[in-house]
Amino acid sequence: QGPDGLLYFSIGDRGLNVKTKEGKKLFYPDTGAVLRCELDGSNLEVVHTGLRNPQELAFDAHGDLFTVDNNSDSGDRARLVYIVEGGDSGWRTGYQYGSDMSDRGPWNAEKIWHLPNPEQPAYVVPPLAHITSGPSGFCYNYGATALPARYADHFFICDFRGSSGGSGVYSFAVKPKGASFEVADGHEFIWSLLATDCDFAPDGGFYVSDWVEGWNLTGKGRIYRFADPEAVKKPAIVEVKKLLAEGFDRRPGAELVKLLAHADLRIRQEAQFALAERGPESIPALAKVAKEDKNPLARLHAIWGL
């Protein structure tokens, strides 16, 4: 769920041909895409196209959306993609089969998958970086988690390569670069494990699912929990677990307003949603935070809530 309260999801390059609840035709038969809709399925719309096989979506603390798109096994690289409204990353299903132009057609010949360069078509939103060989599960550090301070505002992407020795979880952050971003602090975070998915639990731990070995069914699997012994002592982690378990619907408005400045993205967002759900009665408090609060993240959530 995005900061706007909408449900975001992706589809691979089998494409889509959908008639929405409102009768609108969404026809993208030859490309992967990111879509969004209300939680009841209404107002379905396409956000970003030109993807091949996007592996999960992850928002950062400022509401920017990213995915890692898989390669086509033709010398191209898996790509970190900044998902922007109306953006096109350039992939089309037919490129998988090549053309007289080259293997994979324009995808290789026009350097569509490359980092920004003068030879790319002007319509393409170029990738931010080439990371991983087999992108799988993807997540973002919510804030109050049991990892060292280095991993604040970091993303985590599973790199599944078929063998445990060459696979693991890659971590990185992004920093602004013009109207887009560039990767910072990219490195192998947890390695020599055939990771398929990862996420943070309410207890602050970083959980990773493990395929064990190979591409075929193994009949077994493992789930690991990683936590720094010092970081796990942070009071905010205990608070997150308690707040998420109790819920937000019955909390006083004044408490919800304070939680807009919480250290954890999950708590800030739940407080924002709860205030927005209460309608006009929340407007004065949200407007005050949006105008006056010294915490920029609290101001962001107040604006989104409004």
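These numbered points cover selected local features of a predicted model.

1. **Cysteines and disulfides.** A disulfide is a covalent bond between the sulfur atoms of two cysteines. The count of disulfides here is zero. Take C158 as one case. The closest cysteine sulfur to that of C158 is in C198, at 3.8 Å. A disulfide needs sulfur atoms within 2.5 Å, so the C158 sulfur is too far away for a bond.

2. **C198 and its neighbour.** The sulfur of C198 has its closest cysteine sulfur in C139. That distance is 3.7 Å, so it too is too far for a bond. Are C158 and C198 buried or exposed? C158 counts as buried because its relative accessibility is 0%. C198 also counts as buried, at 4% relative accessibility.

3. S74 sits in the loop between β7 (65–69) and β8 (79–83). Its relative accessibility is 15%, so S74 counts as buried; the cut-off for buried is under 20%. Which residues does S74 touch, apart from neighbours within four places in sequence? They are D103, R104 and N108. With N108 there is a polar contact between the two side chains, at 3.3 Å.

4. **Helices α5 and α6.** Helix α5 spans residues 283–292, and helix α6 spans residues 296–305. Their axes come within 8 Å and cross at roughly 140°. Angles over 145 degrees would count as roughly antiparallel, so α5 and α6 are classed as oblique to each other. The crossing of α5 and α6 is left-handed. On the α5 side, L286, V289, A290 and K291 make the contact. On the α6 side, the contact is made by A298, R299, A302, I303 and G305.

5. **Positive phi at K111.** Most residues other than glycine have a negative phi. K111 is not a glycine, yet its phi is positive, about 55°. Where is K111 found? K111 lies in the loop between α1 (106–109) and β10 (129–130). With a relative accessible area of 28%, K111 is partly exposed.

6. **Positive phi at V212.** V212 is not a glycine either, and its phi is positive at about 85°. V212 is placed in the loop between β16 (206–210) and β17 (222–226). V212 counts as buried because its relative accessibility is 11%. K111, by contrast, is partly exposed.

Definitions and conventions. Residues numbered from 1 in each chain as written. Predicted model: local features only at pLDDT ≥ 70, side-chain atom pairs only at ≥ 80, totals over all residues. Heavy atoms only, no water. Helix = DSSP H or I, 4+ residues; strand = E, 2+ residues; numbered from the N terminus. Buried < 20%, exposed > 50% of the residue type's maximum accessible area, 1.4 Å probe, protein only. Polar contact = N/O pair within 3.5 Å; in protein donor to acceptor, adjacent residues only side chain to side chain. Contact = heavy atoms within 4.5 Å. Axes fitted to C-alpha atoms, helices over the stretch in contact; angles between N-to-C directions. Parallel < 35°, antiparallel > 145°, perpendicular 65-115°, else oblique. Left-handed = near helix turned anticlockwise from the far one by under 90°.
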